[in-house]
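Visitor: I would like to learn how the terms for a protein model are applied. Can you take me through them one by one?

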Amino acid sequence: MKKSIIFIMVCLLLVACEPRIEMDMAQWGDHAYIDNIELVKLEIDDHVKLQEYYENQTPLEMTGVRSIVISDGKCQIDSAAFIATVKLKAGEELKYTGLKIYHKGMKVEPLNGSPKAGIISDFSKKEFTYRLKSADGSEHDWTIKIQ
């Protein structure tokens, strides 16, 4: 009797742990589109002082790093041809640059040897391809051009 009650309890517990509702990812539609792109570079400051430095007068200096946008305004996006054109500010170079891609998709995948987005790399080639994937499974290969 005890064994059968324990068996029933274990079965009920296992049934209760299964997912009750499947999420329909197709309901979200095709969101593999780019909203904006920014080019950034890192600025390093070796004499950053934390708030504690001013309160305690102890030397808590550290190296600070921040990203500075070096692209000029909002990029031009052609959603029909899947091309995004980013304009670089005058006097900036692309050797140590990062790329921020703003989108509503689920994944950005670099193609054809393109550098990973968000990582400081050499973008002097000025044309790159990225695949954006959305929740419903749609994919679009985007060409990003830097002027």
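Visitor: Does threonine 85 count as buried or exposed, and why?

Guide: Threonine 85 has 13% relative accessibility, so it counts as buried. Buried means under 20% relative accessible area, exposed means over 50%, and partly exposed lies in between (1.4 Å probe, protein chains only).

Visitor: What kind of model is this, and how are residues numbered?

Guide: This is a predicted model, where local features need pLDDT of at least 70 and side-chain atom pairs count only at pLDDT 80 or more, while totals for chains, interfaces and linings use all residues. Residues are numbered from 1 along each chain as its sequence is written, and side-chain values use heavy atoms, with hydrogens and water left out.

Visitor: Where does threonine 85 sit, and what is in contact with it?

Guide: Threonine 85 is in strand 4. Strands (E, at least two residues) and helices (H or I, at least four) are DSSP runs, numbered from the N terminus. Leaving aside neighbours within four places in sequence, threonine 85 is in contact with Cys75, Gln76, Lys145 and Gln147. Contact means heavy atoms within 4.5 Å.

Visitor: What stands opposite threonine 85?

Guide: Lysine 145 in strand 8 stands opposite threonine 85.

Visitor: What makes strand 4 and strand 8 a pair?

Guide: Two strands pair if DSSP finds at least two bridges between them. Strand 4 and strand 8 have four bridges, in the parallel sense. Therefore they count as a pair.

Visitor: In which sense do strand 7 and strand 8 pair, parallel or antiparallel?

Guide: Strand 7 and strand 8 pair in the antiparallel sense, over seven bridges. Threonine 129 stands opposite threonine 143 in strand 8. The two strands form a hairpin with five residues between them. Glycine 137 in the turn has a positive phi of about 100°.

Visitor: Which residues have a positive phi although they are not glycines?

Guide: Phenylalanine 82 is one of them, at about 60°. Asparagine 112 is another, at about 55°. Most residues other than glycine have a negative phi.

Visitor: Is phenylalanine 82 buried or exposed, and what about asparagine 112?

Guide: Phenylalanine 82 lies in the loop between strand 3 (76–78) and strand 4. Its relative accessible area is 18%, so phenylalanine 82 is buried. Asparagine 112 lies in the loop between strand 6 and strand 7. At 66% relative accessibility, asparagine 112 counts as exposed.

Visitor: Why is the link between lysine 41 and glutamate 92 called a salt bridge?

Guide: A salt bridge is a side-chain nitrogen of Lys or Arg within 4 Å of a carboxyl oxygen of Asp or Glu. For lysine 41 and glutamate 92, the closest N and O atoms are 3.2 Å apart. Lysine 41 lies in strand 1 (residues 34–49) and glutamate 92 in the loop between strand 4 (83–86) and strand 5 (98–103), so the pair ties together parts that are 51 residues apart in sequence.

Visitor: How many salt bridges does the structure hold, and which residues form a network?

Guide: The structure holds six salt bridges. Glu109, Arg131, Lys133, Glu139 and Asp141 are linked in a network of them. Within it, arginine 131 forms a salt bridge with aspartate 141, with the closest N and O atoms 2.7 Å apart. Arginine 131 is in strand 7 and aspartate 141 in strand 8 (residues 139–146), ten residues apart.

Visitor: How do you know that arginine 131 is partly exposed?

Guide: Arginine 131 has 22% relative accessibility, so it counts as partly exposed. Aspartate 141 is partly exposed too, with a relative accessible area of 36%.

Visitor: What makes a nonpolar core, and how many residues has the largest?

Guide: A nonpolar core is a set of buried Ala, Val, Leu, Ile, Met, Phe, Trp, Tyr and Cys residues joined through side-chain atoms within 4.5 Å. The largest has 20 residues. Those with the most contacts inside it are Ile37, Leu39, Leu99 and Ile144. Strand 1, strand 4, strand 5, strand 7 and strand 8 each supply at least two residues of this core.

Visitor: What is in contact with leucine 39?

Guide: Leaving aside neighbours within four places in sequence, the contacts of leucine 39 include Ile68, Val86, Leu99 and Ile146.
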